[in-house]
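Please have the viewer open as you read.

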Amino acid sequence: MNIEEMARFCKKTGMVYPSGEIYGSLSGFWDYGPRGVEIKKAIKDAFWRFFVSKRDDIFGLDGAIITHPKTWYASGHIENFVDPVVVCKRCRAEYRLDHFIEEQLKVNVEGKTLKELIGLINEGRVVCERCKSEEFEKPEVFNLMFKTHIGVKESSNSEVYLRPETAQNIFINFKNVFEVARKKLPLGIAQIGKAFRNEISPRNFLFRCREFEQMEIEYFIHPNDENKCFYLNEVDMDREVIIFTAEDQINMEKPFIGKWRDIFSIIKDEWHGYWLYKTMEFLVLLGIDEKKLRLRQHLPEELSHYSKETWDIEYEFDFGWKEIVGIANRGDYDLRQQMKYSDKDLSVYDEYLKAKIVPYVIEPSFGLDRIFMAVLDSAYSLREGKAVLKLKPFLSPIRVAVFPLVKKDGLDEKAREVYLLLTQHIERVFYDDSGSIGKRYARMDEIGTPYCVTIDYQTLEDDSVTIRFRDTAEQERIGIKDLVDRIEELLESGSI
Ligand code: GAP
(Lines give C-alpha, C1' and ligand atoms only; values in the text may rest on other atoms or scores of the structure.)
Protein backbone atom coordinates (compact mmCIF):
# COMPACT_ATOMS: atom_id res chain seq x y z
CA MET A 1 0.00 0.00 0.00
CA ASN A 2 1.33 3.42 -0.77
CA ILE A 3 0.60 6.15 1.71
CA GLU A 4 -2.35 7.66 -0.19
CA GLU A 5 -3.88 4.20 -0.56
CA MET A 6 -3.41 3.62 3.16
CA ALA A 7 -5.17 6.89 4.02
CA ARG A 8 -8.06 6.05 1.66
CA PHE A 9 -8.28 2.50 3.01
CA CYS A 10 -8.33 3.76 6.61
CA LYS A 11 -11.11 6.22 5.88
CA LYS A 12 -13.24 3.70 3.98
CA THR A 13 -12.96 1.06 6.71
CA GLY A 14 -13.64 3.45 9.62
CA MET A 15 -10.09 3.36 10.96
CA VAL A 16 -8.90 6.96 10.64
CA TYR A 17 -10.52 10.17 9.35
CA PRO A 18 -8.95 13.57 8.64
CA SER A 19 -9.85 15.70 11.66
CA GLY A 20 -12.44 18.43 11.08
CA GLU A 21 -13.09 17.15 7.57
CA ILE A 22 -16.52 18.79 7.24
CA TYR A 23 -14.72 22.14 7.56
CA GLY A 24 -11.95 21.26 5.11
CA SER A 25 -9.85 19.39 7.76
CA LEU A 26 -6.90 20.54 9.85
CA SER A 27 -3.46 19.57 8.61
CA GLY A 28 -1.55 17.25 10.94
CA PHE A 29 -4.59 16.14 13.00
CA TRP A 30 -6.46 12.86 12.64
CA ASP A 31 -9.48 11.19 14.28
CA TYR A 32 -9.45 7.46 14.88
CA GLY A 33 -12.78 5.84 13.94
CA PRO A 34 -14.44 2.77 15.49
CA ARG A 35 -12.16 0.21 13.81
CA GLY A 36 -8.94 2.18 14.26
CA VAL A 37 -9.54 2.99 17.89
CA GLU A 38 -9.87 -0.71 18.72
CA ILE A 39 -6.59 -1.57 16.97
CA LYS A 40 -4.81 1.34 18.64
CA LYS A 41 -6.17 0.37 22.05
CA ALA A 42 -5.13 -3.25 21.52
CA ILE A 43 -1.56 -2.09 20.69
CA LYS A 44 -1.49 0.01 23.88
CA ASP A 45 -2.85 -2.88 25.97
CA ALA A 46 -0.21 -5.20 24.48
CA PHE A 47 2.52 -2.66 25.26
CA TRP A 48 1.32 -2.40 28.84
CA ARG A 49 1.15 -6.18 29.30
CA PHE A 50 4.54 -6.79 27.69
CA PHE A 51 6.51 -4.01 29.36
CA VAL A 52 4.63 -3.29 32.61
CA SER A 53 2.20 -5.96 33.88
CA LYS A 54 4.39 -8.95 33.04
CA ARG A 55 7.57 -7.43 34.52
CA ASP A 56 8.37 -6.54 38.09
CA ASP A 57 10.79 -3.71 37.34
CA ILE A 58 8.60 -1.28 35.36
CA PHE A 59 5.81 0.87 36.82
CA GLY A 60 3.13 3.00 35.17
CA LEU A 61 2.40 6.72 35.15
CA ASP A 62 -0.23 8.93 33.57
CA GLY A 63 1.05 12.49 33.76
CA ALA A 64 -0.58 15.81 32.86
CA ILE A 65 -0.37 17.05 29.28
CA ILE A 66 0.29 20.57 30.56
CA THR A 67 2.84 20.60 33.32
CA HIS A 68 4.93 23.27 35.01
CA PRO A 69 6.62 25.39 32.28
CA LYS A 70 9.98 25.25 34.07
CA THR A 71 10.07 21.55 33.11
CA TRP A 72 10.70 22.61 29.50
CA TYR A 73 13.42 25.09 30.36
CA ALA A 74 15.16 22.35 32.33
CA SER A 75 14.74 19.69 29.64
CA GLY A 76 16.24 21.99 26.99
CA HIS A 77 13.11 22.06 24.86
CA ILE A 78 12.71 25.85 25.05
CA GLU A 79 16.20 26.32 23.69
CA ASN A 80 16.76 23.29 21.47
CA PHE A 81 13.42 21.99 20.24
CA VAL A 82 13.49 24.05 17.06
CA ASP A 83 13.31 23.46 13.33
CA PRO A 84 14.46 25.79 10.55
CA VAL A 85 11.59 27.08 8.44
CA VAL A 86 11.37 28.87 5.10
CA VAL A 87 8.28 30.75 3.87
CA CYS A 88 7.32 31.41 0.24
CA LYS A 89 7.17 35.17 -0.42
CA ARG A 90 4.23 34.90 -2.78
CA CYS A 91 1.77 32.33 -1.31
CA ARG A 92 3.13 32.13 2.29
CA ALA A 93 3.49 28.32 2.12
CA GLU A 94 5.79 27.14 4.94
CA TYR A 95 8.42 24.43 4.57
CA ARG A 96 10.79 22.80 6.97
CA LEU A 97 14.06 23.99 5.49
CA ASP A 98 16.12 20.81 5.86
CA HIS A 99 13.40 18.58 4.34
CA PHE A 100 12.73 21.12 1.60
CA ILE A 101 16.39 21.24 0.54
CA GLU A 102 16.71 17.45 0.69
CA GLU A 103 13.66 16.98 -1.49
CA GLN A 104 14.44 19.69 -4.03
CA LEU A 105 18.23 19.53 -4.26
CA LYS A 106 18.57 15.80 -3.48
CA VAL A 107 21.40 16.31 -0.98
CA ASN A 108 21.82 14.96 2.55
CA VAL A 109 21.71 17.85 5.04
CA GLU A 110 21.82 15.84 8.30
CA GLY A 111 23.57 17.85 11.00
CA LYS A 112 23.95 21.07 8.93
CA THR A 113 23.66 24.39 10.78
CA LEU A 114 21.08 27.01 9.88
CA LYS A 115 23.84 29.07 8.22
CA GLU A 116 24.89 26.11 6.08
CA LEU A 117 21.28 25.40 5.11
CA ILE A 118 20.80 29.03 4.10
CA GLY A 119 23.98 28.74 1.98
CA LEU A 120 22.55 25.67 0.23
CA ILE A 121 19.18 27.27 -0.48
CA ASN A 122 20.89 30.35 -1.88
CA GLU A 123 23.14 28.28 -4.16
CA GLY A 124 20.56 25.89 -5.61
CA ARG A 125 17.35 26.43 -7.52
CA VAL A 126 14.32 25.73 -5.32
CA VAL A 127 10.69 26.39 -6.17
CA CYS A 128 7.59 26.63 -4.02
CA GLU A 129 5.66 23.34 -4.32
CA ARG A 130 2.38 25.22 -4.21
CA CYS A 131 2.77 28.33 -6.42
CA LYS A 132 6.11 27.62 -8.17
CA SER A 133 7.61 30.93 -7.03
CA GLU A 134 11.40 31.01 -6.56
CA GLU A 135 11.36 33.78 -3.95
CA PHE A 136 11.47 33.00 -0.23
CA GLU A 137 11.76 34.93 3.03
CA LYS A 138 15.04 34.61 4.96
CA PRO A 139 14.85 31.24 6.82
CA GLU A 140 14.39 31.32 10.58
CA VAL A 141 14.24 28.80 13.42
CA PHE A 142 10.91 28.07 15.02
CA ASN A 143 10.09 26.31 18.32
CA LEU A 144 7.85 23.28 17.85
CA MET A 145 6.03 23.45 21.17
CA PHE A 146 2.38 24.52 21.21
CA LYS A 147 1.74 27.33 23.66
CA THR A 148 -1.41 28.09 25.57
CA HIS A 149 -2.32 30.19 28.62
CA ILE A 150 -3.58 29.45 32.11
CA GLY A 151 -6.20 31.77 33.59
CA VAL A 152 -8.26 34.61 32.18
CA LYS A 153 -5.57 37.18 31.37
CA GLU A 154 -2.96 36.21 28.81
CA SER A 155 0.56 37.34 29.65
CA SER A 156 4.05 35.91 29.47
CA ASN A 157 3.56 34.73 33.09
CA SER A 158 0.51 32.67 32.18
CA GLU A 159 2.26 30.89 29.29
CA VAL A 160 2.35 27.07 29.38
CA TYR A 161 3.18 24.36 26.85
CA LEU A 162 1.51 21.21 25.62
CA ARG A 163 4.08 18.48 26.19
CA PRO A 164 6.16 17.61 23.10
CA GLU A 165 7.17 14.24 24.65
CA THR A 166 5.74 12.21 27.50
CA ALA A 167 9.22 11.58 28.94
CA GLN A 168 9.56 14.66 31.12
CA ASN A 169 6.53 13.80 33.32
CA ILE A 170 8.47 10.67 34.15
CA PHE A 171 11.69 12.46 35.08
CA ILE A 172 9.95 14.96 37.34
CA ASN A 173 8.06 12.12 39.07
CA PHE A 174 11.03 9.76 39.32
CA LYS A 175 11.46 10.18 43.07
CA ASN A 176 7.72 9.79 43.78
CA VAL A 177 7.55 6.52 41.87
CA PHE A 178 10.85 5.21 43.20
CA GLU A 179 9.65 5.68 46.78
CA VAL A 180 6.38 3.76 46.37
CA ALA A 181 7.88 1.03 44.18
CA ARG A 182 10.03 -0.23 47.08
CA LYS A 183 12.49 -1.65 44.55
CA LYS A 184 16.16 -1.19 43.93
CA LEU A 185 17.55 0.08 40.64
CA PRO A 186 17.23 -0.71 37.80
CA LEU A 187 13.68 0.50 37.66
CA GLY A 188 11.58 1.66 34.74
CA ILE A 189 8.61 4.01 34.44
CA ALA A 190 6.26 3.68 31.46
CA GLN A 191 3.70 6.09 30.16
CA ILE A 192 1.29 6.15 27.23
CA GLY A 193 -0.14 9.48 26.18
CA LYS A 194 -0.56 12.33 23.76
CA ALA A 195 2.31 14.55 22.65
CA PHE A 196 2.05 17.71 20.57
CA ARG A 197 4.47 19.26 18.09
CA ASN A 198 3.73 22.18 15.84
CA GLU A 199 5.34 20.44 12.85
CA ILE A 200 6.05 22.81 9.97
CA SER A 201 5.02 20.40 7.27
CA PRO A 202 3.00 17.47 8.58
CA ARG A 203 2.94 14.74 5.96
CA ASN A 204 2.67 11.08 5.07
CA PHE A 205 -0.69 10.45 6.73
CA LEU A 206 -0.13 9.62 10.44
CA PHE A 207 3.64 9.59 10.12
CA ARG A 208 4.26 13.24 10.92
CA CYS A 209 1.32 14.79 12.75
CA ARG A 210 0.93 17.67 15.15
CA GLU A 211 -0.94 15.64 17.75
CA PHE A 212 0.19 12.05 18.21
CA GLU A 213 0.60 9.40 20.85
CA GLN A 214 3.77 8.05 22.43
CA MET A 215 4.45 4.96 24.52
CA GLU A 216 7.64 5.68 26.43
CA ILE A 217 9.77 3.92 29.00
CA GLU A 218 12.49 5.62 31.00
CA TYR A 219 14.65 2.85 32.45
CA PHE A 220 16.77 4.12 35.37
CA ILE A 221 20.05 2.28 36.00
CA HIS A 222 22.62 2.52 38.78
CA PRO A 223 25.82 4.12 37.38
CA ASN A 224 27.81 1.20 38.82
CA ASP A 225 25.79 -1.19 36.65
CA GLU A 226 26.66 0.64 33.45
CA ASN A 227 27.25 -1.88 30.66
CA LYS A 228 26.40 -4.78 33.01
CA CYS A 229 22.94 -5.88 31.91
CA PHE A 230 21.38 -8.61 34.12
CA TYR A 231 18.99 -9.86 31.44
CA LEU A 232 21.24 -10.84 28.54
CA ASN A 233 19.92 -14.42 28.80
CA GLU A 234 16.71 -13.06 27.20
CA VAL A 235 18.62 -12.07 24.05
CA ASP A 236 19.01 -14.54 21.20
CA MET A 237 22.44 -13.44 19.98
CA ASP A 238 22.16 -15.56 16.82
CA ARG A 239 18.91 -13.99 15.66
CA GLU A 240 19.31 -12.02 12.43
CA VAL A 241 18.70 -8.31 12.20
CA ILE A 242 19.32 -5.60 9.59
CA ILE A 243 21.95 -3.18 10.92
CA PHE A 244 22.93 0.26 9.65
CA THR A 245 25.75 1.65 11.78
CA ALA A 246 26.82 5.30 11.92
CA GLU A 247 30.18 4.27 10.51
CA ASP A 248 28.57 2.58 7.52
CA GLN A 249 26.46 5.67 6.88
CA ILE A 250 29.56 7.90 6.99
CA ASN A 251 31.43 5.58 4.61
CA MET A 252 28.39 5.43 2.30
CA GLU A 253 28.12 1.66 2.89
CA LYS A 254 24.82 -0.20 2.78
CA PRO A 255 23.00 -1.71 5.78
CA PHE A 256 23.88 -5.39 6.33
CA ILE A 257 22.11 -8.45 7.71
CA GLY A 258 23.93 -9.21 10.93
CA LYS A 259 23.26 -10.99 14.22
CA TRP A 260 22.32 -9.48 17.55
CA ARG A 261 25.83 -10.27 18.79
CA ASP A 262 27.05 -7.69 16.22
CA ILE A 263 24.89 -5.03 17.87
CA PHE A 264 26.35 -5.88 21.28
CA SER A 265 29.85 -5.55 19.87
CA ILE A 266 29.11 -2.03 18.57
CA ILE A 267 26.84 -0.48 21.17
CA LYS A 268 28.44 1.30 24.14
CA ASP A 269 26.10 -0.04 26.83
CA GLU A 270 24.66 -3.57 27.14
CA TRP A 271 21.47 -2.21 28.70
CA HIS A 272 20.95 -0.14 25.59
CA GLY A 273 21.40 -3.25 23.43
CA TYR A 274 18.98 -5.18 25.64
CA TRP A 275 16.28 -2.47 25.17
CA LEU A 276 16.81 -2.49 21.41
CA TYR A 277 16.22 -6.24 21.48
CA LYS A 278 13.08 -6.09 23.66
CA THR A 279 11.64 -3.33 21.48
CA MET A 280 12.24 -5.31 18.31
CA GLU A 281 10.76 -8.43 19.95
CA PHE A 282 7.61 -6.49 20.81
CA LEU A 283 7.21 -5.05 17.30
CA VAL A 284 7.50 -8.51 15.75
CA LEU A 285 4.93 -9.91 18.21
CA LEU A 286 2.56 -7.20 16.95
CA GLY A 287 2.82 -8.82 13.54
CA ILE A 288 5.15 -6.23 11.98
CA ASP A 289 7.17 -7.85 9.20
CA GLU A 290 10.69 -8.43 10.62
CA LYS A 291 12.21 -8.16 7.12
CA LYS A 292 10.96 -4.58 6.94
CA LEU A 293 12.55 -3.56 10.24
CA ARG A 294 16.11 -2.38 10.72
CA LEU A 295 18.28 -0.77 13.37
CA ARG A 296 19.92 2.52 12.41
CA GLN A 297 22.46 4.21 14.63
CA HIS A 298 22.31 8.02 14.78
CA LEU A 299 25.20 9.97 13.33
CA PRO A 300 27.03 12.04 15.96
CA GLU A 301 25.70 15.32 14.50
CA GLU A 302 22.17 13.94 14.48
CA LEU A 303 22.02 13.18 18.22
CA SER A 304 19.47 15.10 20.31
CA HIS A 305 20.93 17.49 22.88
CA TYR A 306 20.34 14.95 25.69
CA SER A 307 21.61 11.82 23.96
CA LYS A 308 24.91 9.97 24.35
CA GLU A 309 23.92 7.37 21.76
CA THR A 310 20.68 6.70 19.88
CA TRP A 311 19.44 3.91 17.66
CA ASP A 312 16.21 4.07 15.68
CA ILE A 313 14.10 1.12 14.70
CA GLU A 314 13.02 1.94 11.17
CA TYR A 315 10.24 0.42 9.08
CA GLU A 316 10.33 0.26 5.30
CA PHE A 317 7.27 2.25 4.21
CA ASP A 318 6.64 2.90 0.54
CA PHE A 319 8.14 6.39 1.10
CA GLY A 320 11.40 4.93 2.48
CA TRP A 321 12.93 3.55 5.69
CA LYS A 322 11.56 5.68 8.53
CA GLU A 323 11.86 5.79 12.31
CA ILE A 324 9.01 4.22 14.27
CA VAL A 325 10.83 3.86 17.63
CA GLY A 326 13.86 5.75 18.94
CA ILE A 327 15.97 4.19 21.71
CA ALA A 328 18.31 6.69 23.34
CA ASN A 329 20.91 6.56 26.07
CA ARG A 330 19.99 9.82 27.82
CA GLY A 331 22.66 9.45 30.50
CA ASP A 332 21.71 11.38 33.65
CA TYR A 333 21.09 14.58 31.68
CA ASP A 334 17.38 14.93 32.43
CA LEU A 335 17.44 14.12 36.16
CA ARG A 336 20.35 16.51 36.69
CA GLN A 337 18.68 19.28 34.69
CA GLN A 338 15.37 18.89 36.56
CA MET A 339 17.28 18.91 39.88
CA LYS A 340 19.12 22.06 38.84
CA TYR A 341 16.01 24.00 37.79
CA SER A 342 13.76 22.82 40.65
CA ASP A 343 16.42 22.85 43.34
CA LYS A 344 14.99 19.50 44.54
CA ASP A 345 16.94 16.34 45.15
CA LEU A 346 16.00 13.56 42.71
CA SER A 347 18.96 11.35 43.57
CA VAL A 348 18.72 7.92 45.24
CA TYR A 349 20.46 6.87 48.43
CA ASP A 350 22.60 3.77 48.00
CA GLU A 351 22.78 1.87 51.31
CA TYR A 352 25.78 -0.13 50.22
CA LEU A 353 27.84 2.82 49.01
CA LYS A 354 26.45 5.05 51.76
CA ALA A 355 26.14 7.77 49.15
CA LYS A 356 23.62 9.44 46.91
CA ILE A 357 23.69 8.49 43.24
CA VAL A 358 21.92 9.79 40.13
CA PRO A 359 20.81 6.96 37.86
CA TYR A 360 21.28 7.11 34.10
CA VAL A 361 18.53 6.32 31.65
CA ILE A 362 17.87 4.20 28.59
CA GLU A 363 14.71 5.38 26.84
CA PRO A 364 12.73 3.32 24.33
CA SER A 365 10.29 5.84 22.81
CA PHE A 366 7.54 4.34 20.64
CA GLY A 367 5.42 6.42 18.25
CA LEU A 368 2.04 4.73 18.48
CA ASP A 369 0.61 6.20 15.27
CA ARG A 370 3.66 5.13 13.27
CA ILE A 371 3.44 1.63 14.75
CA PHE A 372 -0.25 1.55 13.83
CA MET A 373 0.77 2.30 10.22
CA ALA A 374 3.49 -0.37 10.22
CA VAL A 375 1.03 -2.93 11.63
CA LEU A 376 -1.52 -2.15 8.89
CA ASP A 377 1.11 -2.13 6.17
CA SER A 378 2.47 -5.53 7.25
CA ALA A 379 -1.02 -7.03 7.56
CA TYR A 380 -2.42 -5.79 4.26
CA SER A 381 -2.76 -8.27 1.41
CA LEU A 382 -5.00 -8.89 -1.58
CA ARG A 383 -6.98 -12.05 -2.45
CA GLU A 384 -8.69 -12.08 -5.85
CA GLY A 385 -8.34 -8.29 -5.92
CA LYS A 386 -9.98 -7.82 -2.50
CA ALA A 387 -8.28 -6.57 0.66
CA VAL A 388 -7.52 -9.08 3.43
CA LEU A 389 -6.05 -7.56 6.57
CA LYS A 390 -4.07 -10.35 8.24
CA LEU A 391 -3.91 -8.77 11.69
CA LYS A 392 -2.89 -10.81 14.70
CA PRO A 393 -6.27 -11.81 16.23
CA PHE A 394 -5.60 -9.89 19.47
CA LEU A 395 -5.36 -6.67 17.42
CA SER A 396 -8.48 -7.19 15.31
CA PRO A 397 -11.25 -4.64 15.86
CA ILE A 398 -13.73 -7.52 15.56
CA ARG A 399 -12.53 -10.87 16.78
CA VAL A 400 -15.48 -13.03 15.74
CA ALA A 401 -18.38 -12.26 13.41
CA VAL A 402 -21.60 -14.27 13.53
CA PHE A 403 -23.78 -14.63 10.44
CA PRO A 404 -26.96 -16.50 9.62
CA LEU A 405 -26.57 -17.83 6.07
CA VAL A 406 -29.93 -16.23 5.24
CA LYS A 407 -32.26 -14.10 7.30
CA LYS A 408 -35.20 -16.54 7.35
CA ASP A 409 -36.39 -20.06 8.31
CA GLY A 410 -35.23 -19.52 11.91
CA LEU A 411 -31.53 -19.22 10.96
CA ASP A 412 -31.42 -15.62 12.17
CA GLU A 413 -32.90 -16.54 15.58
CA LYS A 414 -30.40 -19.37 15.97
CA ALA A 415 -27.55 -17.05 14.92
CA ARG A 416 -28.66 -14.52 17.53
CA GLU A 417 -28.44 -17.27 20.19
CA VAL A 418 -24.90 -18.16 19.08
CA TYR A 419 -23.97 -14.49 19.10
CA LEU A 420 -25.23 -14.06 22.68
CA LEU A 421 -23.39 -17.20 23.76
CA LEU A 422 -20.09 -15.88 22.35
CA THR A 423 -20.50 -12.39 23.85
CA GLN A 424 -20.62 -13.96 27.32
CA HIS A 425 -17.05 -15.22 26.89
CA ILE A 426 -15.37 -13.17 24.17
CA GLU A 427 -14.96 -9.44 23.53
CA ARG A 428 -15.50 -7.68 20.20
CA VAL A 429 -18.07 -10.09 18.73
CA PHE A 430 -20.17 -8.72 15.86
CA TYR A 431 -23.50 -9.81 14.37
CA ASP A 432 -24.44 -9.16 10.76
CA ASP A 433 -27.34 -10.51 8.72
CA SER A 434 -27.52 -8.05 5.82
CA GLY A 435 -26.27 -8.69 2.29
CA SER A 436 -24.96 -11.86 0.64
CA ILE A 437 -22.72 -14.12 2.73
CA GLY A 438 -19.82 -13.50 0.29
CA LYS A 439 -20.06 -9.74 0.82
CA ARG A 440 -20.21 -10.19 4.59
CA TYR A 441 -17.04 -12.31 4.55
CA ALA A 442 -15.30 -9.74 2.33
CA ARG A 443 -16.25 -6.88 4.69
CA MET A 444 -14.79 -8.81 7.61
CA ASP A 445 -11.60 -9.74 5.68
CA GLU A 446 -11.04 -6.08 4.93
CA ILE A 447 -11.03 -5.03 8.59
CA GLY A 448 -9.09 -8.07 9.73
CA THR A 449 -11.74 -10.22 11.48
CA PRO A 450 -9.94 -13.55 11.90
CA TYR A 451 -12.99 -15.82 12.35
CA CYS A 452 -16.54 -15.79 11.01
CA VAL A 453 -19.11 -18.20 12.45
CA THR A 454 -21.95 -19.11 10.09
CA ILE A 455 -25.29 -20.63 10.99
CA ASP A 456 -26.79 -22.63 8.11
CA TYR A 457 -29.53 -25.21 7.53
CA GLN A 458 -27.38 -28.01 8.92
CA THR A 459 -27.20 -26.09 12.22
CA LEU A 460 -30.94 -26.63 12.68
CA GLU A 461 -30.42 -30.39 12.25
CA ASP A 462 -27.29 -31.12 14.31
CA ASP A 463 -26.45 -27.94 16.29
CA SER A 464 -23.18 -27.43 14.39
CA VAL A 465 -21.79 -24.25 12.77
CA THR A 466 -18.89 -23.39 10.49
CA ILE A 467 -15.85 -21.33 11.45
CA ARG A 468 -14.36 -19.58 8.42
CA PHE A 469 -10.70 -18.61 8.63
CA ARG A 470 -9.80 -15.18 7.22
CA ASP A 471 -6.28 -16.03 6.07
CA THR A 472 -7.15 -19.14 4.03
CA ALA A 473 -10.92 -18.73 3.47
CA GLU A 474 -11.18 -22.39 4.59
CA GLN A 475 -13.96 -23.61 6.87
CA GLU A 476 -14.21 -25.99 9.80
CA ARG A 477 -17.44 -27.56 11.07
CA ILE A 478 -17.90 -27.71 14.85
CA GLY A 479 -20.64 -28.40 17.39
CA ILE A 480 -22.02 -25.29 19.16
CA LYS A 481 -21.17 -26.93 22.49
CA ASP A 482 -17.45 -26.78 21.60
CA LEU A 483 -17.53 -23.40 19.87
CA VAL A 484 -16.48 -21.11 22.75
CA ASP A 485 -13.49 -23.28 23.69
CA ARG A 486 -12.34 -23.56 20.09
CA ILE A 487 -12.59 -19.80 19.43
CA GLU A 488 -10.85 -19.01 22.71
CA GLU A 489 -8.05 -21.41 21.82
CA LEU A 490 -7.68 -19.81 18.36
CA LEU A 491 -7.65 -16.29 19.77
CA GLU A 492 -5.12 -17.15 22.43
CA SER A 493 -2.44 -18.29 19.97
CA GLY A 494 0.06 -15.55 19.16
CA SER A 495 -1.36 -13.01 21.61
CA ILE A 496 0.88 -10.96 23.86
N1 GAP B 1 11.27 11.20 24.32
C2 GAP B 1 12.05 11.06 23.15
C3 GAP B 1 11.35 11.48 21.95
O4 GAP B 1 10.28 12.08 22.00
P5 GAP B 1 11.49 11.43 19.34
O6 GAP B 1 12.39 10.64 18.42
O7 GAP B 1 11.34 12.88 19.09
O8 GAP B 1 12.00 11.13 20.80
C9 GAP B 1 9.86 9.42 19.64
O10 GAP B 1 10.05 10.76 19.29
C11 GAP B 1 8.88 8.75 18.70
O12 GAP B 1 7.67 9.53 18.61
C13 GAP B 1 9.40 8.66 17.26
O14 GAP B 1 10.15 7.49 17.07
C15 GAP B 1 8.12 8.64 16.45
O16 GAP B 1 7.65 7.31 16.33
C17 GAP B 1 7.14 9.44 17.30
N18 GAP B 1 6.97 10.79 16.72
C19 GAP B 1 7.79 11.84 16.86
N20 GAP B 1 7.30 12.91 16.21
C21 GAP B 1 6.15 12.52 15.63
C22 GAP B 1 5.16 13.17 14.83
N23 GAP B 1 5.26 14.45 14.50
N24 GAP B 1 4.09 12.45 14.42
C25 GAP B 1 3.96 11.16 14.76
N26 GAP B 1 4.84 10.50 15.52
C27 GAP B 1 5.93 11.15 15.96
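How do the residues of the shell around the ligand divide into nonpolar, polar and charged? They divide into eight nonpolar, four polar and nine charged, where Ala, Val, Leu, Ile, Met, Phe, Trp, Tyr, Cys and Pro count as nonpolar, Asp, Glu, Lys and Arg as charged, and the others, Gly among them, as polar.

This is a predicted model, in which local features need pLDDT of at least 70, side-chain atom pairs count only at pLDDT 80 or more, and totals for chains, interfaces and linings use all residues. Residues are numbered from 1 along each chain as its sequence is written, and side-chain values use heavy atoms, with hydrogens and water left out.

**The shell around the ligand**
- Among the 21 residues around the ligand (a heavy atom within 4 Å), those that come nearest are Glu-165, Arg-197, Cys-209, Glu-216 and Glu-323.
- At least two shell residues come from each of strands E10 (211-221), E15 (320-331) and E18 (360-367); strands are DSSP runs of E, at least two residues, numbered from the N terminus.
- E15 gives the largest share, five residues.

**Polar contacts (N or O pairs within 3.5 Å)**
- A backbone N or O atom of Cys-209 sits 2.8 Å from a ligand nitrogen atom.
- For Ile-324, a backbone N or O atom lies 2.9 Å from a ligand oxygen atom.
- The side chain of Arg-330 places an N or O atom 3.4 Å from a ligand nitrogen atom.
- Of the 550 Å² of accessible area (Shrake-Rupley, 1.4 Å probe) that the ligand has on its own, the protein covers 91%.

**Helix H15**
- In helix H15 (residues 437-447; a DSSP run of H or I, at least four residues), the buried residues (under 20% relative accessible area) are Arg-440, Tyr-441, Met-444, Asp-445, Glu-446 and Ile-447.
- Gly-448 follows H15 and has a positive phi, near 90 degrees.

Methods
A polar contact is a pair of N or O atoms within 3.5 Å; within protein, one must be able to donate a hydrogen and the other to accept it, and residues adjacent in sequence count only if both atoms are side-chain atoms. Buried means under 20% relative accessible area, exposed over 50%, partly exposed in between (1.4 Å probe, protein chains only).
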